[in-house]
Amino acid sequence: QVLLATLMTAVRPDEGLGQMVNFVGMKELTIASCLTIAIAFLTIGIASFIALAAVVGIVLLSSLFWNWKLGGINGDIIGGTSEVAELVVLISLIWFV
């Protein structure tokens with residue numbers, strides 16, 4: 001969610017969850033990334049890097065698609081991308097662990 005919000009602009013910046021992108025920047029992305037990498041590595045091990053790479057790929061593809069289709073994101077896109085990212089993590093962990 002933080003990566004997507006950092007990369008994108010809101011379709012409707014004055015309403016809804018999409019306005020979260022107005023308050024997320026590199027500082028929040030750095031903190032969230034460091035915490036995620038540390039927790040994932042400590043709990044899962046080296047396989048967590050495969051899952052994290054897959055999530056970054058999904059988020060980048062999602063941001064490209066929604067930027068092309070709508071010109072930004074809203075709360076539904078943030079939520080949908082989160083659900084797909086969770087599914088990709090589960091599949092990659094089942095596959096590689």
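Helices α3 and α4 cross in a right-handed manner, a crossing being right-handed if the near helix is turned clockwise from the far one by less than a right angle, and left-handed if anticlockwise. The model is predicted, with local features requiring pLDDT of at least 70 and side-chain atom pairs pLDDT 80 or more, whereas totals for chains, interfaces and linings use all residues. Residues are numbered from 1 along each chain as its sequence is written, and side-chain values use heavy atoms, without hydrogens and water.

**Helix packing**

Helices are DSSP runs (H or I, at least four residues) numbered from the N terminus. The table gives the axis geometry, with axes fitted to C-alpha atoms over the stretch in contact and angles from 0 to 180 degrees between N-to-C directions.

| Pair | Angle | Axis distance |
|---|---|---|
| α2 and α3 | about 140° | 8 Å |
| α3 and α4 | roughly 150° | within 9 Å |

The angle makes α3 roughly antiparallel to α4; that term applies over 145 degrees, with under 35 roughly parallel, 65 to 115 roughly perpendicular and the rest oblique.

Helix α2 (residues 26–44) is oblique to α3 and passes α3 (residues 47–69) in a right-handed crossing. Thr-36, Ile-37, Ala-40, Phe-41 and Ile-44 of α2 make the contact with Ala-47, Ser-48, Phe-49 and Leu-52 of α3. Seven of these residues are nonpolar, two are polar and none is charged.

**Largest pocket**

The lining of the largest pocket comprises 14 nonpolar, five polar and one charged residues. Gln-1, Leu-3, Thr-36, Leu-52 and Val-55 lie nearest the pocket centre. Helices α1 (2–7), α2, α3 and α4 (75–96) each supply at least two lining residues, and α4 gives the most, with six.

Notes: Contact means heavy atoms within 4.5 Å. Ala, Val, Leu, Ile, Met, Phe, Trp, Tyr, Cys and Pro count as nonpolar, Asp, Glu, Lys and Arg as charged, and the others, Gly among them, as polar. On a 1 Å grid over the protein atoms alone, a cavity is a set of points where a 1.4 Å probe fits but cannot get out, and a pocket is an open set with protein on both sides within 12 Å along at least five of seven lines; lining residues have an atom within 4 Å of a point.
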